[in-house]
Amino acid sequence: MGIAKSASATATSSSPVTQSGAAHDTAIDRKVTVYVMGKACEVPATATIMGAIEYAGHQIIRGAGCREGYCGACATIYRAAGDYKIRTGLACTTLVGDGMVLAQIPSVPAEKAIYDIETLRPNVSAIQQTYPVVFRCVACNTCTRSCPQDIRVMDYVQAAKRGDIAAITELSYYCVACGLCMLRCPAEITQPLVATLAKRLYGRHLSKNSPELAVRVRAVAEGSYNAEYVELMALGRESLSDRYYARDSE
Amino acid sequence: MYPEYMAESLRKVIQTRSKRAELGRKSEPVYAPMNANERQAVLDGFHPDFKPDARRAVRIGPNRGEILTTEVADLLESHSWLRTEQVDLSKPDIETDLLIIGGGGAGCSAALVAMKERGIRSVIATKLRIGDANSMMSEGGMQAAVSPTDSPPRHYLDAIGGGHFANKPELVRALTEDAPRVVQWLEELGVVWDKQVDGSLQVLHGGGTSRKRMLSCRDHIGAMIMRTLMDEVRNHPDMITVKEFMPAVELIMDSEGRCAGAILYSMDSEEFFVVKAKSTVIATGGFGRLHIRGFDTTNHYGATGDGLVMAYRAGAKLLYMDSVQYHPTGAAFPEQLAGFLITEKVRGAGGQPVNKDGELFVFPREPRDIEASAIIRECRQNGGGIEAPSGRIGVWLDVPIIDEIHGAGYVAHHFAAHHHQFMRYKIDITKEPILIYPSLHYQNGGVEINARCETNIPGLFVAGEASGGVHGRNRLMGNSVLDYNVFGQRAGRYASEYAAQVELGRLTLSHLDKHEKELAQAEIQSTLVTPILLPSYAPAEVKKRQLARNAQTLPGSSVLHNRLHADSQRAEAK
């Protein structure tokens, strides 16, 4: 799975931090120059892009969310010094490098399809009904190369064309929906929306039902635990505490 | 990559590993769990809540005279953003049956249930994007008693013992009894639960559980559930209107003392909007970004306790706001990951906290406050910690031992997100431990509710982390994901029921004038304007230059935010 491989591509190769192989060293006071939307700023050499923007005094409104790499709010494009390539990263987890020129993407326009997850079928028909744009894919692999999570985006787009919902679910499991792939896609596909749809189809229609869950839900609905609850809730703190510390553990 | 000076300690962790893995394979605990007295001693001595200046009496409002967390008391004794005479309540900009403040897990659940069960339209107003919430970030799991060896009342006993018996019983019953149905409801919406081959749900232990009942979606349960809920909300634009970057800053009341909506603030245009609503749900989450006692936090950017402030000014009673949850295992190295959550599932799967000599010093699955206090004790008193170059101190969380217990490849598959996260800094958690220290994680208390999510103010409902009473003074792992689902749904249900029968009177903001009077009478001098909305991470010298602005001009957002902790780097956590 894509996520498991090293993500060094997202930390710039020109970063002194990654060159020395450590983010810990005495470089804590060392500064580098980065260009935040074109404006030069001196920032700590060990900063993340988000840390650098804030160090420069910006109050981020769009462009910060969980700050730990889960939510995809902080999609960023940048160029490193002496490097012609446009690179992509999450501002919260990508380290700065000297001479980096960067801009955050405040939001990526994309039209979400409206659907009823109950009535869609977990096969190619669902993709045809919701995101037919998927079939425009020219397999250029730009999406995969632009993914800060190292997800094999193009591979799941191919799976979508085949209607292989389980494969999309597996390949896109760790998508954070930052939108960088759809911004770079020459076929204008909205990949993260397809990934969300596929996971929901998998959970609703393909995941095997748990028989014991159904039994437990029924037992609750029938009031099977009423008496036990009433008894526990009536206990004073002392006896409740005794009961708690005496309980057995699996 | 760890600095050279840590090498010897890392070697000791490896040396002791096989013996500790041997213990891990047995059914007995790897280290003796604490009894009630030992628990109390470690809390009294080392939990940050028990430091002398950690709490103080609040001087105004419904909880006046009660001892609260100092930063919370500061927050409550502050000024409103609004000049009430400038607000025209006679022509609301938006009118709705149901206003939901907050677009995280609880807010989205409330909107969906209001729509699906009661046919009620709602407006979700949220500060950042929908889903920008702590709900998105939970990693390890959700508790639900679904196994044949387990039962909802057993879940009740675990939760109430973990909360030191302070939890409100009716809320714990609702939490634990609704849980199995929540699992099913989420699956119907398309959440992909981790399962065994036969379809039964995969269950693990968490801190304080006596049965394996931690359900999971690998290490991404928050994103899995949150993205599903958001997607479903967006499937119904005719029923649920989402207003992003539009936080509420005050509640509106009516002439009969009922909640009647809120004032929203546009983060972009800095305008205020009047929303008249028959019933209102606060689902604004917690307060990690207040960085209580200078601690790093696991929380999302917007976790600034906004709901507490609004509700308190309107007269709502708070419960257990003297209690803060520090997650035992926040990252302490590298600095770029400082405070980041390392899921408790690591310990549920057999991971062990060990000191600099590679020795166990605590049972790995104590309830969170106990585990966190034991780690602080090991670092601060027993000299078992390692100092990172940033000055942060920590102990090791032995992750590779999990592969030794469960077989190679387990860590890379089940903790893929953490593996990825640390590989960026050339630390391979399948081979090396993680340096950890407790990190500010959860608001245990909040606005007091009953099992219908009602508060002492008619028309005001609260759900999720913003509420108080469900978890007593300490929440167990996996009960917050459950909390926002159970009480988010309940809030949607009961707020809709209420909206269907209420006739609102004249709208008013007189509670804000009353609040200002109280501040003056108590001779409280505060420059703080709240809700905070967003924290500022500008360096101190930048803040100083920003504060040269004339206070009479329109409030530029960054200036206001700076007023809390102009020097936010308090020393304790370092």
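**Notebook: core, sheets and chain contact**

I began with the largest nonpolar core, which holds 239 residues; A110(B), A311(B) and A463(B) touch the most other members. Helix α14 of chain B, residues 479-499, gives the most to this core: ten residues. I note here that the model is predicted. In soluble globular proteins, nonpolar side chains tend to be buried together.

Next I looked up A110(B). What is A110(B) in contact with, leaving aside its neighbours within four places in sequence? I listed I100(B), V281(B), A283(B) and A463(B).

**Chain B sheet**

I turned to an open sheet of three strands in chain B. The order is β11-β17-β19, and the pairing is mixed. Which strands are at the edges? I found β11 (318-319) and β19 (467-468) of chain B there, each pairing on one side only.

I checked one pairing in detail. Strand β17 of chain B, residues 446-448, pairs with β19(B) in the parallel sense, over two bridges. E448(B) stands opposite G468(B), which is in β19(B).

I then looked for a helix against these strands. Helix α8 of chain B, residues 306-313, lies across β11 and β17 of chain B. I noted that α8 of chain B runs at about 40° to β17(B).

**Chain A sheet**

In chain A I traced an open sheet of five strands. Its order is β2-β1-β5-β3-β4, with mixed pairing. Why is one side of β2 and of β4 of chain A left without a neighbour in the sheet? β2 (39-44) and β4 (87-90) of chain A stand at the edges and have a single partner strand each, so one side of each has no neighbour in the sheet. I recorded an average twist of 35° from one strand to the next.

I followed β1 (residues 31-36) and β5 (residues 101-104) of chain A. These two strands pair in the parallel sense over two bridges. Y35(A) stands opposite V101(A) in β5(A).

**Contact between the chains**

Last, I looked at where chain A touches chain B. How many residues does the contact take from each chain? I have 68 residues from chain A and 82 residues from chain B. On the chain A side, the elements giving two or more residues are α2 (49-55), α8 (191-206), α9 (211-221), α10 (226-234) and α11 (237-246). The largest share of that side comes from α8(A), with seven residues. By class, I noted 33 nonpolar, 19 polar and 16 charged residues on the side of chain A that touches chain B.

Terms used:
Residues numbered from 1 in each chain as written. Chains lettered and ligands numbered in written order. Predicted model: local features only at pLDDT ≥ 70, side-chain atom pairs only at ≥ 80, totals over all residues. Contact = placed C-beta atoms within 7 Å. Helix = DSSP H or I, 4+ residues; strand = E, 2+ residues; numbered from the N terminus. Nonpolar A, V, L, I, M, F, W, Y, C, P; charged D, E, K, R; others polar. Pairing = 2+ DSSP bridges. Axes fitted to C-alpha atoms, helices over the stretch in contact; angles between N-to-C directions. Core = buried A, V, L, I, M, F, W, Y, C linked by C-beta atoms within 7 Å. Buried ≥ 20, exposed ≤ 12 C-beta atoms within 10 Å, placed from the backbone.
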